[in-house]
Amino acid sequence: MANSIEAKLELFLQWLQVNGAELRGCTIKYSDLSKGCGLFSANDASDGVLLVVPLNLAITPMRVLQDPLYGPECRAMYEEGEVDDRFLMNLFLMVERLRENSSWKPYLDVLPARFGNPLWFTDNELLELKGTTLHRATELQKNSLQSLYEKKVKKLVNRLLTLDGSSVRELSFEDFLWANSIFWARALNIPMPHAYVFPKIEEEIGSVSLTEENTEVSISTVSEVQLACPKNEDGCEDHRMTDSTASEKTFGPLKQETVWVEGLVPGIDFCNHDLKATATWEVDGPGSITGVPFSMYLLSAGARSSGIEEVSISYGNKGNEELLYLYGFVIENNPDDYLMVHYPLEAIQNVPFSDSKMQLLEVQKAEMRCLLPRRLLDHGFHPPKTSNIQQSDVCSNRACNYSWSGQRKIPAYLDKLVFPEKFLTALRTISMQEDELMQVSSLLAEVVGPEGDKQPTETDVEAAVWEACGDSGALQLLVDLLQKKMMDLEEGTGTLESDTMMLKEVQVIESMNVNGSCPESASRSDDDRKERKLVSRNQWCSIVYRQGQKQLTTLFLKEAEHALQLSLSQEN
C-alpha cells in the first residue's frame with residue numbers, strides 16, 4: 001500500500017511542476033491513516049515561500065464553465081438555473097474521476113477515497129452520535145443528497161460523460177458523496193480580481209455572479225438542520241479561509257475589484273489543520289512576492305526548526321461539531337468548542353398567544369438559537385480555574401434598556417450573564433404570561449400615542465418586554481432547554497462520566513473491516529483485549545465530540561441555574 005501511495009504522489013508532484021507549481025520549501029508526503037497526505041518542510045526557503053501554485057490550476061466554477069469539452073453544456077445548465085457554483089465543481093470532480101483519459105488523474109488519484117465525516121459512517125458508528133445535533137443533521141443531509149443524486153446528479157453527469165464517449169465505470173452514489181466531501185473538506189474561499197474571474201464570458205452571462213446562490217440545486221452541507229457553524233463578518237460560513245491575511249494584502253490597487261470565489265487549489269489543499277499553524281496561504285496578484293502573477297502561495301509563519309516537520313495551516317476557530325461534520329476529525333479539549341441551544345420554531349405555535357409573540361419577536365429581531373463558545377465561561381459565575389479574565393463585557397449593551405418606569409433595576413448579576421442578549425430576548429417573549437403581554441401592549445400604546453402616528457422601534461419593544469417580564473421567565477425556559485438537551489445526549493449515549501471513562505479505556509484502530517471487526521486484533525492476547533476496547537477512528541471522534549457537548553451542556557446549565565436563582569431573589 002505504501003509503495004502504491006508513493007508512486008501516485010510522485011506522479012502528482014511531477015504533474016504539479018508541469019502545470020507551473022513550484023515546491024520551493026516543502027514536499028507532499030504520506031502522513032498516516034488518520035491524516036492521509038500532508039505537506040512537509042524540505043529545502044530551506046529564505047523568503048519563507050514554501051509552495052506556489054498558479055491560480056489557473058484551481059478548480060473553480062469559471063474553470064468548469066470554460067472547459068473546452070463540457071463547458072458549453074455546463075454554461076447552459078448554469079444559465080437555466082439547473083446548477084449553482086458548488087454543484088458545478090461537484091459535477092467536474094465526478095466527471096473527471098470517471099473519464100478514462102482525464103488530465104486531472106494524477107491529482108484525483110492522490111485525493112482520499114473515503115472520509116471520516118459522518119456521511120461515511122457505518123450504521124454502528126452513527127449510533128455513537130445518537131442524541132447529538134450532528135446525528136440528526138447527518139441523517140437529513142444523507143437523505144437530501146440521496147434524493148438529489150436520484151433526481152438530478154445521475155442525469156447531469158451521464159449527460160456530460162456522453163460528450164467524452166468513455167468512462168472507466170458506471171456512476172454511483174458514492175461518487176457523489178466523494179465529490180461533496182472533497183469540496184467541503186478542501187475548498188478555499190479565494191480572493192481573485194474581477195477581470196481574472198470573468199475574462200471572456202462576462203458579456204454573455206451579464207451580471208450573474210458566481211458568488212450568488214440563487215438556483216434551485218444546492219449541495220450545502222446543512223439542509224434542514226442548523227449546525228453550530230460560526231459565521232464570518234459577512235454572515236457566510238468561514239470555510240478554510242481564516243488562516244489567510246489575503247483580504248488585507250491582495251492585489252494592491254485591484255483590491256476594490258476582488259471577487260471571492262470558492263475553489264480547490266491542488267497542492268495547497270494538502271495542508272492539514274493545527275491550532276498552532278506553521279504557515280498561512282495568500283494570493284499574489286501582481287507576482288511581486290513570488291514572481292508568479294495570479295498565484296497562491298504558502299508562507300511560513302515563523303522560524304522553522306531543523307529537520308523535517310509537517311507544514312500546517314489553521315482552518316479557523318472551529319468547534320468539534322464543525323470539524324467532524326466537514327473534515328472528519330476532532331480535537332481533544334478543543335478550546336474553540338461550542339454548544340448550540342435553540343428553541344424550535346414549530347414549538348411557538350403551541351404557546352399561548354403565539355401570533356402576538358411572533359410579531360414581537362419579529363420587531364425585536366430576536367434570535368431563536370445561540371452559539372455558546374467555551375470561552376464565554378471565562379466571564380461567568382463559575383469561570384475555569386485557568387481563566388484570567390477580570391471583567392466581562394459580553395452583555396454590556398443591555399444597560400441601555402433599563403428601565404421604562406424606573407421600577408425594574410439593572411440586575412446585579414448582569415456582568416456575569418454569559419448568554420447572548422438576542423437569544424434571551426426571544427426567550428423572554430416566548431415565556432410571557434397573559435398579564436405580562438397585556439402590560440407590554442399598554443406600554444407600547446404610550447409610544448404609539450392616541451393618534452397612532454408612531455410605530456414602536458426595536459428598542460421600544462425590547463424595553464417594554466424587559467419591563468414586563470424581567471429575566472426569570474427567560475432563564476427558566478433556558479434551564480428547561482439545557483436540561484432537555486442533556487437528557488437527549490444521555491439517553492442517546494450515556495453520561496459524561498461514562499464517555500470520559502470510555503476514552504481512557506479504548507484503543508483506536510485506524511483500519512476496520514467492513515463488518516466492523518479489527519484485523520489487527522487477531523494478534524492480540526485475550527488479556528490485551530480485555531484491557532482496552534478496540535474502536536474505529538470514527539467511533540473515537542464521535543465519543544470525543546459528544547463528551548465535549550455533554551461537558552459544555554453541564555457547565556452552561558450550571559450558569560443558567562445560578563442566574564435564575566439570582567433573578568428570582570432580586571425580583572422578590
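**Notes on ring contacts and a polar residue**

1. The first point concerns a charge and a ring. In this predicted model, the charged end of Lys29 is placed over the ring of Phe40, at 5.2 Å from the ring centre. An arrangement of this kind is also formed by Arg537, whose charged end sits over the ring of Trp540, 5.1 Å from its centre.

2. The next points turn to ring pairs. A pair of aromatic rings is described by the distance of the centres and the angle of the planes. The structure holds 17 aromatic pairs. In one of them, the ring centres of Tyr149 and Phe176 are 6.4 Å apart and the planes meet at 20°; planes under 30 degrees apart count as stacked, so the pair of Tyr149 and Phe176 is stacked.

3. The location of this pair deserves attention. Tyr149 belongs to helix α7 (residues 133-164), whereas Phe176 belongs to helix α8 (residues 173-186); the pair therefore ties together parts that are 27 residues apart in sequence.

4. Tyr315 is found in the loop between β10 (310-313) and α12 (320-327), while Tyr327 is in helix α12, so the pair ties together parts that are twelve residues apart in sequence. Because buried means under 20% relative accessible area, Tyr315 counts as buried at 5% relative accessibility, and Tyr327 counts as buried at 10%.

5. Ring pairs also build a cluster. Its members are Phe12, Trp15, Tyr70, Phe92, Trp104, Tyr107 and Phe270, which are linked by these pairs.

6. The last point concerns Asn272, which lies in strand β7 (residues 272-273). With a relative accessibility of 13%, Asn272 counts as buried. Which side chain does the side chain of Asn272 join in a polar contact? The partner is Glu310, and the contact is 2.7 Å.

7. Leaving aside neighbours within four places in sequence, Asn272 is in contact with Lys35, Cys37, Gly38, Glu310, Val311, Ser312, Ile313 and Tyr315.

Methods. Residues are numbered from 1 along each chain as its sequence is written. This is a predicted model: local features need pLDDT of at least 70, side-chain atom pairs count only at pLDDT 80 or more; totals for chains, interfaces and linings use all residues. Side-chain values use heavy atoms; hydrogens and water are left out. Rings of Phe, Tyr and Trp (its six-membered ring) pair if their centres lie within 6.5 Å; planes under 30 degrees apart count as stacked, over 60 as edge-to-face and the rest as tilted. Helices (H or I, at least four residues) and strands (E, at least two) are DSSP runs, numbered from the N terminus. Buried means under 20% relative accessible area, exposed over 50%, partly exposed in between (1.4 Å probe, protein chains only). A charge sits over a ring if NZ of Lys or CZ of Arg is within 6 Å of the ring centre and within 35 degrees of the ring normal. A polar contact is a pair of N or O atoms within 3.5 Å; within protein, one must be able to donate a hydrogen and the other to accept it, and residues adjacent in sequence count only if both atoms are side-chain atoms. Contact means heavy atoms within 4.5 Å.
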